[in-house]
Amino acid sequence: MAQHLTAEQTPLVADLSQPAPDSRLADVRVGVVTFPGTLDDRDAARAVEIAGGTAVPLWYADTDLQGVDAVILPGGFSYGDYLRAGAIARFAPLMDRIVDAASADGGMPVLGICNGFQVLTEAHLLPGSMIKNERLKFLCRDQGLRVENADTAWTGRFAQGQEIVVPLKNQDGQYVADRRALDELEAEHRVVFRYAGGNPNGSRNDIAGITNARGNVVGLMPHPEHAVEPGFGADLSGSGAVGMREGTDGLDVFVSVLEHLTR
Amino acid sequence: MARIVVDVMPKPEILDPQGKAIANELPRIGLSSFTEVRQGRRFELTVDGEATEQVLAQAREAAEKLLSNPVIEDVVNVSALPEEH
């Protein structure tokens, strides 16, 4: 017999029907863009809400950013990865507005995750590009990362050098750029996340995520939005005892931008 | 009706994991002469009328702006196909 339990009887880790504890954070509106073929928009919106902010769904074909304070380009396979990952999404009407807002005086924070990172490189907001993983495998695993830059709009909550674990899942995840672009990224400390415990896909300089010169635009291949709830996120304990981290290492990415925007 | 061909190849300095996988497979089917394989893409753009210089210029623009990513790829050919009779 099916039982209908109330919310009190099934305590959710994050009860989204309740107002966020910090109303200042709840006032921050973070847009999450859906392209045709986007998969992780709901997860990204949920991560924003669990962090205490307000998620605003944005549709790729619209031309209005609806007054959001920040934008997330989530993961998935926009336009089926046809041509190159992110190559067609880059020309979506909303992308022009996002590029303008990211480049304007205020420097709106923009986060590209996985396919969103690929869109940001195709849109020239971030340098380099992604090609197929070194061993041509679609990788899906819990991945260790080292936070190399805790000064961006999306990483202020982390400590420099902190190691975190979040899921990684992609086929075109090998970050490449020419020597000059790589040297520039390193010299300007614009590598934000580096793979820790082994390079999974052949990315140059073990790069998992980078930022622009102003630190408002960040792109990374792994998925912090999949590691925001205790018991459901990534963890390196594997089949052994459940680790202490409980898989919420990604949450601080989203809390960081809320705090950045309420400073 | 005319057709314009655009060929795009991965830059020489960029590793081509797909080409490498193909190169590894060839000896297994008994074709052992090849030391390297690189995989690119070919596009065929069709226009009404002839492949004028203006149309070719547009094809070159398409090749640079959309069909290739200059960070990882080179446009190695933009040319009109000979007309079929």
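Guide: Happy to. Keep in mind that this is a predicted model. Let's begin with chain B: its radius of gyration is 16 Å, whereas a compact globule of 85 residues would be near 12 Å.

Visitor: What are the dimensions of the box that the C-alpha atoms of chain B fill?

Guide: Along the principal axes, that box is roughly 45 × 35 × 15 Å.

Visitor: And what share of the residues in chain B is buried?

Guide: Buried residues come to 18% of the 85 in chain B. A residue is called buried because 20 or more other C-beta atoms lie within 10 Å of its own.

Visitor: How many helices and strands does chain B have, and in which order do the elements run?

Guide: Chain B has two helices and three strands. Starting at the N terminus, the order is β-α-β-α-β.

Visitor: What makes the crossing of H2(A) and H6(A) right-handed or left-handed?

Guide: H2(A) passes H6(A) in a right-handed crossing. The name is used because in such a crossing the near helix is turned clockwise from the far one. Helix H2 (residues 41-51) of chain A and helix H6 (residues 251-262) of chain A pack at about 65 degrees, their axes 9 Å apart.

Visitor: Which residues meet there?

Guide: From H2(A) come A:Ala47, A:Val48, A:Ile50 and A:Ala51, and they meet A:Leu251, A:Phe254, A:Val255 and A:Leu258 of H6(A). By class, that contact has eight nonpolar, no polar and no charged residues.

Notes. Residues are numbered from 1 along each chain as its sequence is written. Chains are lettered from A and ligands numbered from 1 in the order in which they are written. This is a predicted model: local features need pLDDT of at least 70, side-chain atom pairs count only at pLDDT 80 or more; totals for chains, interfaces and linings use all residues. Helices (H or I, at least four residues) and strands (E, at least two) are DSSP runs, numbered from the N terminus. The radius of gyration is taken over C-alpha atoms; the globule rule is 2.2 Å times the number of residues to the power 0.38. A residue is buried if 20 or more other C-beta atoms lie within 10 Å of its own, exposed if 12 or fewer, and partly exposed in between; C-beta atoms are placed from the backbone. Axes are lines fitted to C-alpha atoms, for helices over the stretch in contact, and angles run from 0 to 180 degrees between N-to-C directions. Two residues are in contact if their C-beta atoms, placed from the backbone, lie within 7 Å. Ala, Val, Leu, Ile, Met, Phe, Trp, Tyr, Cys and Pro count as nonpolar, Asp, Glu, Lys and Arg as charged, and the others, Gly among them, as polar.
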